[in-house]
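User: I'd like to learn how to read a fold from a model like this. Can you walk me through it?
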Amino acid sequence: MSLIVELRRYTLHPGARETLIELFEREFVTGQEAVGMTLGGRFRDLDDPDRFVWLRAFPSMAERRRALEAFYGGPVWRAHREAANATMIDSDDVLLLRGPNYLPPAGAREVLATVCHPAPDPAAFDAWAAAHLGAEQALHRTEHAENDFPALPVRTGEDVRLWFGPVAVAPPGACQQLRLEPVTG
């Protein structure tokens with residue numbers, strides 16, 4: 001099933017990651033789910049102790065806007081936003097994608113996520129992906145729809161592909177790999 005998915009990468013103040021994770025797991029998971037969001041994986045970046053990475057999914061752009069308005073205008077965010085924002089330096093590194101939501105396998109200690117820019121030849125990248133990526137890699141593509149909730153910026157002007165897990169043959173294009181440790185609630 002193809003969903004609207006946000007990959008959110010937060011840069012945090014030094015030493016604040018565990019504070020945000022505890023608050024996030026205690027308050028924000030159920031608070032977001034209550035307004036119709038589906039949360040995906042939540043991760044510690046193994047290469048950056050001040051980075052928190054997470055995913056959330058929506059059935060459509062219209063449902064995304066409705067759910068974001070409900071959450072960010074609602075009581076859970078209002079009660080905890082100052083504490084959450086106090087942990088963050090930057091929360092605007094967000095890719096708006098289309099694909100399946102992703103939850104790491106139970107018991108996973110490390111997940112590899114790869115973000116690729118398939119330019120200058122997206123067709124060659126898509127051929128590579130068809131040959132080398134399976135359903136378990138949860139391939140996502142940039143959603144080029146306009147961000148209709150501008151209070152939460154997303155990166156624009158980029159075309160990316162994202163997937164989870166290793167591959168045997170290197171993909172074409174410029175890629176960045178993220179080594180992630182799943183947060184277990």
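Analyst: Start with the elements: helices (H or I, at least four residues) and strands (E, at least two) are DSSP runs, numbered from the N terminus. Here the protein chain has 4 helices and 8 strands, in the order β-α-β-β-α-α-β-β-α-β-β-β. This is a predicted model, where local features need pLDDT of at least 70, side-chain atom pairs count only at pLDDT 80 or more, and totals for chains, interfaces and linings use all residues. Residues are numbered from 1 along each chain as its sequence is written, and side-chain values use heavy atoms, with hydrogens and water left out.

User: What share of the residues counts as buried?
Analyst: Buried means under 20% relative accessible area, exposed over 50%, partly exposed in between (1.4 Å probe, protein chains only). In this chain, 47% of the 185 residues are buried.

User: And how do I find a core?
Analyst: A nonpolar core is a set of buried Ala, Val, Leu, Ile, Met, Phe, Trp, Tyr and Cys residues joined through side-chain atoms within 4.5 Å. The largest one here has 29 residues, with Met37 and Phe52 making the most contacts inside it. Helix α1 gives the largest share, 6 residues. Another core, of 19 residues, lies apart from it and includes Leu55 and Val160.

User: Which residues does Phe52 touch, leaving aside neighbours within four places in sequence?
Analyst: Contact means heavy atoms within 4.5 Å. With those neighbours set aside, Phe52 contacts Arg8, Arg9, Tyr10, Leu12, Leu20, Ile21, Phe24, Arg42, Phe43 and Val183.
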